[in-house]
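Colleague: I'd like to learn how to read strands and side-chain surroundings in a model. Can you walk me through it?

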Amino acid sequence: MGENRSSPTLMENKNTVISEKLSAESISKVNGFLKSMGLFNLNFPPQYDTKDSFSELSRSFLKVQHIHRGKISCIVSVKPPIMNAYGSLHGGAVGDVAVRVATACARTIVGKDKELFLGELSVSYLSSAHQNAEVIVNASIVRSGRNLTVVALDFRLKDSEKLCYISRATFYHVPVASL
């Protein structure tokens with residue numbers, strides 16, 4: 001792990017293993033790339049440095065517009081904490097919003113006597129949503145039966161209605177064990 005190098009790199013710590021076949025120039029380029037992507041700037045505000053803090057963070061950018069049986073509509077505001085290095089909505093934030101909105105949509109149909117288990121989530125990234133954009137997320141039930149519920153979601157820019165992302169979530173119903 002770089003024992004023959006004179007100065008450690010940003011990537012190196014006690015758990016990092018770097019092949020001896022890599023040149024110092026290659027390691028420097030990788031370090032530069034990771035640093036430019038914000039990997040080494042992990043100074044989170046104290047309120048977000050706790051277990052499940054991402055839930056609170058992502059919820060703060062999500063506003064509910066309409067809730068009806070089998071349908072939900074929300075707005076996501078694209079702000080720096082949920083953006084990627086390219087200035088658009090981060091793919092992880094898209095997935096997180098998809099799970100949250102799909103779960104809420106499924107709950108408009110599935111009773112509280114059943115627990116929902118996310119069995120599958122697919123997300124297609126068609127276009128990007130840039131900083132300060134508002135994205136309308138529409139979710140609707142495709143199918144809901146005794147054992148599973150399928151929810152389809154589309155993410156569109158509010159101002160142009162351009163389709164940015166589509167998603168589909170499959171939830172399995174698990175009976176809640178009675179005490």
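Modeller: Strands themselves are DSSP runs of E, at least two residues long, numbered from the N terminus. Here β1 and β2 make a hairpin with 2 residues between them, and G70 in that turn has a positive phi of about 85°. Before we go on, this is a predicted model, where local features need pLDDT of at least 70 and side-chain atom pairs count only at pLDDT 80 or more, while totals for chains, interfaces and linings use all residues. Residues are numbered from 1 along each chain as its sequence is written, and side-chain values use heavy atoms, leaving out hydrogens and water.

Colleague: In what sense do β1 and β2 pair, and over how many bridges?

Modeller: Antiparallel, over 6 bridges, with β1 covering residues 62-68. I67 sits opposite I72 in β2. β2 also runs antiparallel to β4 (residues 134-144), joined by 7 bridges, and there I75 has I136 as its bridge partner.

Colleague: How many residues of β2 are buried?

Modeller: Buried means under 20% relative accessible area, using a 1.4 Å probe and protein chains only. In β2 (residues 71-77), 6 of the 7 residues are buried.

Colleague: Why does H173 count as buried?

Modeller: Because its relative accessibility is 10%. H173 lies in strand β6 (residues 163-175). Contact means heavy atoms within 4.5 Å; not counting residues up to four places away in sequence, H173 touches several residues, including V110, K114, L148 and T149.

Technical notes
Helices (H or I, at least four residues) and strands (E, at least two) are DSSP runs, numbered from the N terminus. Buried means under 20% relative accessible area, exposed over 50%, partly exposed in between (1.4 Å probe, protein chains only). Two strands pair if DSSP finds at least two bridges between them.
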